[in-house]
Amino acid sequence: MSRTDKSIKDTELLYKDEYRLINEDKPPDIKYEKENSAVAAVQMFASFLLAGFGMVAASLLLDVVQHWEVFDKVSEVYILVPALLGLKGNLEMTLASRLSTHAHLGHLDTNLWSLVVGNLCLIQCQAVLVGFLAAMAAVTMGWIPDGQFDIHHALLLCASSVLTASSASFALGLIMIGVIVVSKKMNINPDNIATPIAASLGDLTTLALLSWIASLLFKTIGTSVTLPSIIIIVGAGLVPVCGYIAWENQFTKQALDEGWVPVVSAMVISSAGGLILDHTVSVYRGIAVYQLVINGIGGNMVAVHASRLSTSLHTEQKEDSVISNTTKLLLWMVVPSQLIFIYTIGYLRAGHTSSTPMFILIYLTAAMAQVFLLLAISHYMVKWMWKMGMDPDNSAIPYLTALGDLLGTALLGMAFSLLYAIGDKDSDLGD
């Protein structure tokens, strides 16, 4: 056996031994009943609709706040919005997936307080660092084109991002714990609803807080740097304290160790999708609103798939087939989900593209291809992470949602190019 193989084997044995120690507290009478497919379908579809309308609400909110003075005077806030929402979304969805698995393992019944404290401290540590990272990216991208650095703008962005990330994580963490506890009491599988709810609430809450906090801090710009500096210093002080508590907690130690690389890597992958979007939007002005829909629905579906598959591995249930029952259910939901939001966009007059039969056919083909590829990748990625001794609950979802953004944007660009080629070559593609 090579040194590399021995290292992998040792890591896998250590991981399984840690879970064996945690599971000693699991009640001995827990039974994992076979889930009714119809019930699972209803639960998942309802959560997808909730997530989708949450996404629409966030888009409408952005349309309102973009006219606020802080967005007008500090243009870097625009850059901060997608970066912060994407990074925060990954943290909340991995939290939801992790807690769903603990719910199935019975840990919410026996170790609820430890889980609450450990996970709240974990996401505080992650959120503050992620908020700082997103702010630095926004400052850098705002500075490069003009070559001018404004210390007041940099402090405002950093303080707004850190305080927003910290506040949203605490509030959403408590909400997600409540959702999962209540869902278990109501015999609802949290794997079916937790990650879409986290996504829908995360975007809306984070955007609202960011806009409000940035607007308040903007009033102090040019007069004092004390308040933004205090916020940044307090945030920096939270990181080691919360990190230490999470490291000492048996339920979050591994997540603290494994959770950083996926989140940062996801930001890089999503940036590649952003470059594609930047090009396609300049050519096809109607693509932006549909990009939010295809990426949002695809990301939510693959997150549910990864969460369910991770739970099945933790609870030693068999789901070997790539085209499993979960995969079939999710693929069946693509068309009705997308149709609902296509007609919602048309009703709100939010798009610049006519919803012709040809457009709908080509768009749905792109959406189906995206979700099918994501589910196949999810199956192999989650199984590979488990085999390598990593917990998929901590690592899989950021990669998958970022790939969802990349695939969705690329396939949508191809769909619009095809519509342009066969249509009348104006803004109403496909007429």
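Mentor: A helix here is a DSSP run of H or I that spans at least four residues, and helices are numbered from the N terminus. The model before us is predicted.

Trainee: In which helix is the place of Gly299?

Mentor: The run to consider covers residues 287-314. Gly299 has its place within that run, which is helix α12.

Trainee: Is Gly299 buried or exposed?

Mentor: The cut-off for a buried residue is under 20% relative accessible area. Gly299 has 6% relative accessibility, so Gly299 counts as buried.

Trainee: How many helices does the chain have?

Mentor: The chain has zero strands. Its count of helices is 15.

Trainee: What share of the residues in the chain is buried?

Mentor: The chain has 431 residues. Of these, the buried residues make up 52%.

Trainee: Which element of the chain has the highest mean pLDDT?

Mentor: For the chain as a whole, the mean pLDDT is 78, and 80% of the residues reach 70 or more. Among the elements, helix α1 (residues 3-22) has the lowest mean, 46. The highest mean, 91, belongs to α14.

Trainee: Over which residues does pLDDT stay under 50?

Mentor: Where pLDDT is low, the predicted coordinates should not be read in detail. The model has 36 contacts beyond four places in sequence for the stretch in question, which is residues 6-32.

Trainee: Why is the pair of Phe359 and Tyr363 described as it is, and what is its class?

Mentor: This pair belongs to a structure that holds three aromatic pairs. The ring centres of Phe359 and Tyr363 are 5.8 Å apart and the planes stand at 20°. Planes under 30 degrees apart meet the cut-off, so the pair of Phe359 and Tyr363 is stacked.

Trainee: What separates Phe359 and Tyr363 along helix α14?

Mentor: Helix α14 covers residues 357-387, and both residues lie in it. Because they are four residues apart there, Phe359 and Tyr363 are separated by about one helical turn.

Trainee: Which residue forms an edge-to-face aromatic pair with Phe359?

Mentor: Phe359 is buried, with a relative accessible area of 0%. In its edge-to-face pair, the centres are 6.1 Å apart and the planes are at 85°. The pair links distant parts of the chain, as Phe359 is in helix α14 and its partner, 57 residues away, is in helix α15 (residues 392-422). That partner is Phe416.

Trainee: What is the handedness of the crossing of α13 and α14?

Mentor: The axes of α13 (residues 325-347) and α14 come within 10 Å and cross at roughly 145°. The crossing is right-handed.

Trainee: How many charged residues has the contact of α13 with α14?

Mentor: Among the residues that meet are Leu330 and Val334 in α13, and Ala367 and Val371 in α14. By class, the contact has 15 nonpolar and two polar residues, while the number of charged residues is none: there are no charged residues.

Trainee: Which residues is Ser337 in contact with, leaving aside its neighbours within four places in sequence?

Mentor: Ser337 lies in helix α13. Ser337 is buried, with a relative accessible area of 1%. Its contacts, with those neighbours left aside, are Phe45, Ile297 and Met301.

How values were computed: Residues are numbered from 1 along each chain as its sequence is written. This is a predicted model: local features need pLDDT of at least 70, side-chain atom pairs count only at pLDDT 80 or more; totals for chains, interfaces and linings use all residues. Side-chain values use heavy atoms; hydrogens and water are left out. Rings of Phe, Tyr and Trp (its six-membered ring) pair if their centres lie within 6.5 Å; planes under 30 degrees apart count as stacked, over 60 as edge-to-face and the rest as tilted. Helices (H or I, at least four residues) and strands (E, at least two) are DSSP runs, numbered from the N terminus. Buried means under 20% relative accessible area, exposed over 50%, partly exposed in between (1.4 Å probe, protein chains only). pLDDT is the predictor's confidence in each residue, from 0 to 100. Contact means heavy atoms within 4.5 Å. Axes are lines fitted to C-alpha atoms, for helices over the stretch in contact, and angles run from 0 to 180 degrees between N-to-C directions. A crossing is left-handed if the near helix is turned anticlockwise from the far one by less than a right angle, and right-handed if clockwise. Ala, Val, Leu, Ile, Met, Phe, Trp, Tyr, Cys and Pro count as nonpolar, Asp, Glu, Lys and Arg as charged, and the others, Gly among them, as polar.
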